[in-house]
Amino acid sequence: MSSQDHPVSSFQNKIKSSWPYTLAVAIIGFISLWVRTLPSDSVFLSDGSVKFATNDAWYHMRTLFVLLENYPHRMFFNPMTNYPNGSYIHFGPLFDQMMAITSLILGMGHPSSQLVYTVGAYFPAVLGALAVIPVYYIGKYLGGHKTGILAAILIAFAPGQFLTRSLIGFTDHHVAESLFSTFFMMFFMLALISAKEKKLHFEDVFNKKFNVLKEPFIYSVMAGIMYSAYQLCWPGGSLFLLIVLVYAIFQYILDNFRNESSDYLGFTGIVTCLVSTILILPFVHPDMGFSLYYYSWFHVITSLGTMAGFAALSLIEREFKRKQMTAYYYPLLILGAGILGLICIKVLSPSLYSLIINAPSTVFGIQQGGPSTIGEATSIFYSSGVFTLSKAFSNFTTTGFLASILGMLILAANLFRRPKPQEFLLLVWSFFILLAIYGQNRFAYYYSINVSILSAYLGGLLLEKVKWGELDQKFKSTVKSPADIPEALKFFKVQQILAVLLIAVFLIYPVYAYAMLYAVGSNEPNEPWMEACTWLRSNTPDPGMDYNATYEAPINGELFNYPDTAYGVMSWWDYGHYIETIGHRMPNANPFQAGIGGRRASINETNQPGAATFFTAPSEKEASAILEAIDPRSDKAGSRYIMSDARMATEIFGAMPAWTLDTDGYYQAYWTGSQYQNIPSTRYFNSMEAKLHIFDGNGLKQYRMVHETEAYQTDEAGYKQVYNYFYGGKLSEVDTGYVKIFEYVKGANITGTASPNENVNINTTILTNQGRTFGYSQSTTADSQGRYEFTVPYSTDGPSTGETKFDTAPSGPYVVSYGNTTKEVKVSEEAVLKGEEVKV
């Protein structure tokens with residue numbers, strides 16, 4: 001055996017020849033990490049606190065701290081949100097476990113809170129930077145090192161959602177999804193390439209030909225591990241099993257038409273799915289049934305079903321070849337077997353059948369009703385119902401998105417020759433993710449991977465046209481160390497330099513420029529919400545829950561048993577995690593879209609109590625009935641506090657009626673002289689949200705403002721101007737507290753007598769913690785015997801021990817007036833909280 005053929009020498013030669021590319025990928029990775037940490041100043045604040053980018057990021061930090069407090073047990077059911085029901089957590093366990101393990105190692109078993117916050121902040125940036133590795137290898141096995149390096153550069157700077165979701169402080173599982181799904185596709189691709197090159201057959205398994213099986217087996221096992229890691233970051237990971245299965249069906253058909261063996265494909269698929277089935281089993285919650293959103297038997301069945309699919313496709317292929325049947329019958333038999341399988345599933349498990357049938361529309365279909373108001377769930381190709389490419393261009397750059405489409409067209413054209421398995425896999429993979437972003441733009445962080453690879457694939461084809469391979473060979477023979485690089489530059493030809501310039505100008509520079517625009521910190525939560533939630537935590541009664549404890553989920557459909565001191569905080573679902581994680585209080589609605597109430601298209605015929613129905617309620621009486629209905633088990637309301645911000649009252653109000661499927665009449669078209677403009681209507685001003693935020697709760701009987709934050713410039717003043725101009729109002733046309741906190745109380749009953757049927761008024765001036773004043777008033781008519789009654793929510797004596805430490809209250813007593821008579825009335829906090837009578 002010559003030294004050239006010796007395994008050790010061969011391995012050393014491989015290392016020597018690949019070191020420039022390894023070094024290049026490492027440098028690209030560090031640059032990628034640098035880009036993702038640019039907004040660090042907006043994450044680590046001067047006072048030492050850490051500000052995470054999104055509500056889900058705050059929630060992940062909550063689950064991380066609970067995990068560390070109870071390690072290794074994590075929180076699966078959380079009763080401190082979606083009060084009074086609690087929420088099962090659909091977040092996968094792996095993302096939090098990785099952060100926890102990192103924190104425990106760095107903290108030598110006892111990490112400080114500051115260390116945990118730091119790990120959580122940096123984690124998405126590190127995972128985003130690591131994406132250059134699988135992208136490089138996928139590119140390499142598509143078009144050589146040049147394509148791999150270009151793909152790594154493009155994903156390092158990829159703008160849009162992939163970058164924003166992997167920036168420092170964006171502590172969410174999305175970047176982990178992208179990373180592990182890409183590693184899965186990389187190892188699955190390597191397994192296919194290796195098995196096909198070695199001409200693997202199933203007989204090799206029985207004949208124990210380990211030299212043939214070893215490499216494909218290792219890659220297949222790694223593919224199964226990475227798929228499991230991906231799925232343990234997001235329960236919806238079955239999407240990639242669908243991609244692989246669809247690819248396999250068409251690859252089997254192509255191989256059959258060409259009279260080629262597909263055993264390489266069957267072996268890879270079976271091993272991969274078997275490994276993933278074994279690894280997902282320990283995380284299944286049997287009580288979840290066949291749920292797509294939680295780890296359930298659905299995830300086991302899909303892995304086993306896909307494995308059975310690979311086995312069946314291989315078996316059918318072998319029978320075809322053994323009986324020398326016409327190749328055209330093969331796809332027909334596959335179609336028939338698929339239909340028969342669905343029929344069997346429908347008979348054996350209608351719930352699983354329904355989930356399988358409806359799952360594609362959930363991912364690929366455009367959302368309707370309330371879900372259509374979720375920003376990340378809207379189609380990337382539509383804005384206000386109008387088709388547009390602007391969002392696609394801003395996420396992937398114009399040239400990047402167009403290059404991805406052109407790349408898929410070229411890969412599709414290659415089907416007429418003998419495409420490599422990796423090329424066909426990339427085509428199917430990219431097509432399905434393109435369909436996914438058509439349904440929901442959130443999958444843009446997946447498609448950035450495909451755009452980078454497809455763009456690099458095009459760039460690689462261009463470099464092949466200018467004979468880059470010859471240049472590469474000269475480099476390899478000349479460059480033995482970094483010192484040899486200057487000497488090798490003389491091998492460049494004009495056409496090669498022009499090709500590099502084209503790639504740099506049209507592919508690399510746009511993503512770099514967009515990346516610099518996107519690499520900025522988040523403004524969420526803004527300062528008012530931070531301040532309001534901090535105030536809530538310090539100035540409202542303890543709900544009696546152990547914040548960092550893990551709780552067992554109720555069994556047999558029972559409801560969680562809360563202590564008598566528990567209560568909910570009503571706000572729009574966007575802010576639920578802030579209320580819980582910063583305020584340590586229990587929101588009624590949360591960003592899991594739990595507690596919203598209303599109706600879902602074609603599901604609920606009547607409105608369910610929740611945030612949507614409460615804030616759109618046309619009267620205080622109906623709104624209070626909704627709060628009472630939220631918790632039917634108790635004689636107390638399901639919410640004690642209501643938090644509203646200026647966006648809820650203006651910018652995003654339209655999302656609330658969308659969840660009730662009753663959107664007409666809240667706004668009306670008004671001709672300004674040059675164009676029509678939608679302005680709020682009477683129905684809007686009668687809504688509970690408007691009563692609370694626009695009118696400060698004036699005149700409401702059981703809702704009192706207890707705190708407001710500093711005013712920001714919003715559309716609030718404009719809404720008040722509309723009310724004054726069109727509806728004869730007398731509101732001060734200024735912006736008030738950005739976030740306002742109200743308390744739902746029984747209210748004190750002020751009673752007295754006047755002349756029969758006489759108009760009676762009550763009023764006082766409310767002084768807020770911001771030094772702002774507004775009037776509170778009610779009017780009524782005495783009955784035939786002269787009796788009148790007012791229910792008022794404010795006390796004039798200040799807070800009581802153990803109750804709300806409100807800093808917004810009347811600046812003096814109530815004044816009751818009728819005819820020429822005026823009387824001052826003081827109301828105790830006890831009377832307000834207990835609904836006691838105060839006689840005038």
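Reply: A helix here is a DSSP run of H or I with at least four residues, and helices are numbered from the N terminus. The model is a predicted one, and every value below is computed from it.

Two cavities of 30 Å³ or more are present in the structure. The volume of the largest cavity is about 90 Å³. Its lining comprises 15 residues, and those closest to the centre are Phe396, Gly400, Val451, Ser452 and Val511. Four helices each contribute at least two lining residues: H17 (390–396), H18 (398–413), H20 (444–465) and H23 (494–518). The greatest contribution comes from H20, which provides four residues. In terms of residue class, eight of the lining residues are nonpolar and seven are polar, while none is charged.

The pairing of S10 may be taken next. Strand S6 (residues 641–645) pairs with S10 in the antiparallel sense, over five bridges. Strand S9 (residues 703–708) is also antiparallel to S10 and is joined to it by five bridges. Phe742 of S10 takes part in both pairings: Ile642 stands opposite Phe742, and Met705 has Phe742 as its bridge partner.

Asn55 lies in helix H3, which covers residues 55–69. The relative accessibility of Asn55 is 17%; since buried means under 20%, Asn55 therefore counts as buried. Beyond its neighbours within four places in sequence, Asn55 is in contact with Asp574, His577, Tyr578 and Pro591. His577, one of these contacts, is 522 residues from Asn55 along the chain, yet the C-alpha atoms of the two residues are separated by 5.5 Å.

Definitions and conventions
Residues numbered from 1 in each chain as written. Predicted model: local features only at pLDDT ≥ 70, side-chain atom pairs only at ≥ 80, totals over all residues. Heavy atoms only, no water. Buried < 20%, exposed > 50% of the residue type's maximum accessible area, 1.4 Å probe, protein only. Contact = heavy atoms within 4.5 Å. 1 Å grid on protein atoms, 1.4 Å probe; cavity = no way out; pocket = protein on both sides within 12 Å on 5 of 7 lines; lining within 4 Å. Points joined across faces, edges and corners; volume = space filled by probe spheres on them. Nonpolar A, V, L, I, M, F, W, Y, C, P; charged D, E, K, R; others polar. Pairing = 2+ DSSP bridges.
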